[in-house]
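Dear colleague,

I am handing over the structure we spoke about, with the sequence alongside. Please look through it first, and then read the notes that follow.

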Amino acid sequence: PKRWKSEEIALACQAYIGATDNPIDGTDQDYHTFSVNLIDRFKVLSPSNCEPDTYYQRGSRVHPYLRDNVFPEVQKFQKSLRIVMVSNPTGVTEKEKENMAVAIHCKETKKMEYRYKNYDPSE
């Protein structure tokens, strides 16, 4: 199978959010209905000229990939964000709080520190 590209992962996540936020079925969808909804939404978001076996063409492998590879990292980041929010930092913006959480997530520090309010992991 082809490797997932970051753009593809981002679009798959957007499709997942749309499928879980379905105002008609909501959380009452069975797995098959949810999977079809996810792929349909992913198809709309995907580029029209995508390579075979990429984007929505991955079919039933989309949700397992997100579940096994993306969601665990999101949960780890949420833990880092909770560390910052519980510390109740003052005089900083929401973006600066996120930056401090990214620093924790990237293992620059284990606790909320104001010196990381402008943290950029790409630098």
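**What was found**

Ala103 counts as buried because its relative accessibility is 0% (buried means under 20% relative accessible area, exposed over 50%, and partly exposed in between, with a 1.4 Å probe and protein chains only). Before going further, please keep in mind that this is a predicted model, in which local features need pLDDT of at least 70 and side-chain atom pairs count only at pLDDT 80 or more, while totals for chains, interfaces and linings use all residues. Residues are numbered from 1 along each chain as its sequence is written, and side-chain values use heavy atoms, with hydrogens and water left out.

Ala103 belongs to helix α4, residues 94-105 (helices are DSSP runs of H or I with at least four residues, strands are runs of E with at least two, and both are numbered from the N terminus). Not counting residues up to four places away in sequence, Ala103 touches Glu108, Thr109, Tyr116 and Tyr119, where contact means heavy atoms within 4.5 Å. Leu66 is 37 residues from Ala103 along the chain, and their C-alpha atoms are separated by 23 Å.

Glu8, in helix α1 (residues 6-20), counts as buried because its relative accessibility is 1%. Leaving aside neighbours within four places in sequence, Glu8 is in contact with Arg3, Phe42, Thr54, Tyr55 and Arg58. Arg58 also lies over the face of Trp4, at 4.2 Å from the ring centre; a charge sits over a ring if NZ of Lys or CZ of Arg is within 6 Å of the ring centre and within 35 degrees of the ring normal.

Turning to the aromatic rings, the structure holds five aromatic pairs (rings of Phe, Tyr and Trp, the last by its six-membered ring, pair if their centres lie within 6.5 Å, and planes under 30 degrees apart count as stacked, over 60 as edge-to-face and the rest as tilted). One of them is the edge-to-face pair of Tyr16 and Phe34, with 5.5 Å from centre to centre and 85° between the planes. Tyr16 lies in helix α1 and Phe34 in helix α2 (residues 31-45), so this pair ties together parts that are 18 residues apart in sequence. Tyr16 is partly exposed, at 22% relative accessibility, whereas Phe34 is buried, at 9%. The pair of Tyr116 and Tyr119 is edge-to-face because the ring centres are 5.9 Å apart and the planes stand at 75°, and both of these residues are buried. Tyr16, Phe34 and Phe71 form one aromatic cluster.

Helix α2 also holds Arg41, which is partly exposed with a relative accessible area of 30%. Apart from residues up to four places away in sequence, Arg41 touches Ala15, Gly18, Ala19 and Asn22.

Finally, the largest pocket has a volume of about 210 Å³. On a 1 Å grid over the protein atoms alone, a pocket is an open set of points where a 1.4 Å probe fits, with protein on both sides within 12 Å along at least five of seven lines, and lining residues have an atom within 4 Å of a point. Grid points are joined across faces, edges and corners, and the volume is the space filled by probe spheres set on the points. The lining residues include Glu73, Lys76, Ile104 and Thr109, and the elements that give two or more residues to the lining are α3 (62-87) and α4. The largest share, five residues, comes from α3.

With best regards
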